[in-house]
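Thank you all for coming; I would like to take you through one structure this morning.

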Amino acid sequence: MISSAQILVTGCAGFIGSHLTEQLLNSGYQVLGVDNFDPFYDRSVKERNLATALAHPDFTFVEADIRDTTWLDALNADVDAVIHIAAKAGVRPSIEQPAEYVSTNVTGTHNLLNWMQRKGISKLVFASSSSVYGNNEKIPFSEHDAVEQPISPYAFTKRAGELLTYTYHHLYDMSVVNLRFFTVYGERQRPDLAIHKFVRMIDRDEPIPMFGQGDTSRDYTYVSDTVNGIMAALRYVNEHPDAYEIINLGNHSPVTLQTLVETLYRLMEKTPNVQHLPKQPGDVERTYADVSRAARLLGYTPNVSLDEGLGRFVDWYKALSK
Ligand SMILES: NC(=O)c1ccc[n+]([C@@H]2O[C@H](COP(=O)([O-])OP(=O)(O)OC[C@H]3O[C@@H](n4cnc5c(N)ncnc54)[C@H](O)[C@@H]3O)[C@@H](O)[C@H]2O)c1
């Protein structure tokens, strides 16, 4: 039985959640981690992500599903704040399975908020996404921009999460920071995401698929920068009991798909081999974060360049596949 845990991290076995969990433990927090090993990608990958945290005395793991409230109702734990990272992620698969995305990302989030309210837990950091901006024409994307036109079910569920957290902030005085992550990459990145997929295919000498002409761009953000932003958001909800904030966590430096692909081939010392395919529905044209709010409220400054971050990812990938 769990007796005490300060920070509840949902999605602790995933890419971002596992890095965050380690950072919290290294910073002296106790962590209660929850994950259901969702089959979106292999369980063994997530178990490997969790290995370091599991060896730490201040980490407790609960294998559970946020769509189910039975375990939440039975949870006997002293939780000070919740960092809600768990979600069905991925834009394209959300078009195939919208109901799955709504049940985990909307109903699951609602279950957690309900539980927090009943337990008197009032501090929340929520993982939202740059995808809420849809095909925003104005760049860089600012938190003041309209976000009423999500172009995928995934984007809709993330915006719905931000709105739900507002309702609980308003009704029950919860202090909330919603963080809009911009294409996070680094060691342990989800295998479905472009950088991981491309490195795998380049390594196997397979042609890499490029959807569109390579002119779409993303504000790739290295995972340690994202995690530093989440840690700062946790401090923010601790220090501001009445907060409701939406904050971009990006890199403020968009890179085209073409440049990304060229950089990966250079780092992996291979000859480019690209297969051009039509653009995919649901994919946005560009993402570009205005991070001035994050800098002002959280002291956030991303400091890992794309070359450096990709180099670290390639080294990690090679070490893993030896
Ligand atoms: N990676 C990115 O570039 C990116 C960008 C924007 C937003 N985000 C958001 O950040 C968060 C983490 O993304 P990630 O890339 O680390 O994804 P991930 O899939 O690696 O991690 C999500 C974790 O949540 C768990 N999970 C899923 N459904 C669950 C459920 N019903 N109950 C309990 N656990 C469940 C999964 O098993 C997984 O371990 C997600 O909320 C995602 O939407 C990620």
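Let us start with Val125, which, leaving aside its neighbours within four places in sequence, is in contact with Ile83, Val177, Leu179, Ile230, Ala233, Leu234 and Val237; two residues are in contact if their C-beta atoms, placed from the backbone, lie within 7 Å. Residues are numbered from 1 along each chain as its sequence is written.

The term pLDDT is the predictor's confidence in each residue, from 0 to 100, and the protein chain averages 96, with 98% of the residues scoring at least 70. Over residues 1-5, however, the pLDDT is below 50, although this stretch has 15 contacts in the model beyond near neighbours in sequence. Where pLDDT is low, the predicted coordinates should not be read in detail.

Now back to the core. Ile83, Val125, Leu179 and Ala233 touch the most other members of the largest nonpolar core, which has 74 residues. Such a core is a set of buried Ala, Val, Leu, Ile, Met, Phe, Trp, Tyr and Cys residues joined through C-beta atoms within 7 Å, and a residue is buried if 20 or more other C-beta atoms lie within 10 Å of its own, exposed if 12 or fewer, and partly exposed in between. Helix α8, residues 223-239, gives the most to this core, with six residues; helices here are DSSP runs of H or I with at least four residues, strands are runs of E with at least two, and both are numbered from the N terminus.

Finally, consider helix α6, residues 153-172, which has 20 residues and reaches 28 Å from its first C-alpha to its last, close to the 28 Å expected at 1.5 Å a residue, the expected span being 1.5 Å times one less than the number of residues. Its buried residues, including Tyr154, Phe156 and Tyr168, pack against α4, α5, β5, β6 and β11. After α6 comes Asp173, whose phi is positive, near 55°.

Terms used
This is a predicted model: local features need pLDDT of at least 70, side-chain atom pairs count only at pLDDT 80 or more; totals for chains, interfaces and linings use all residues.
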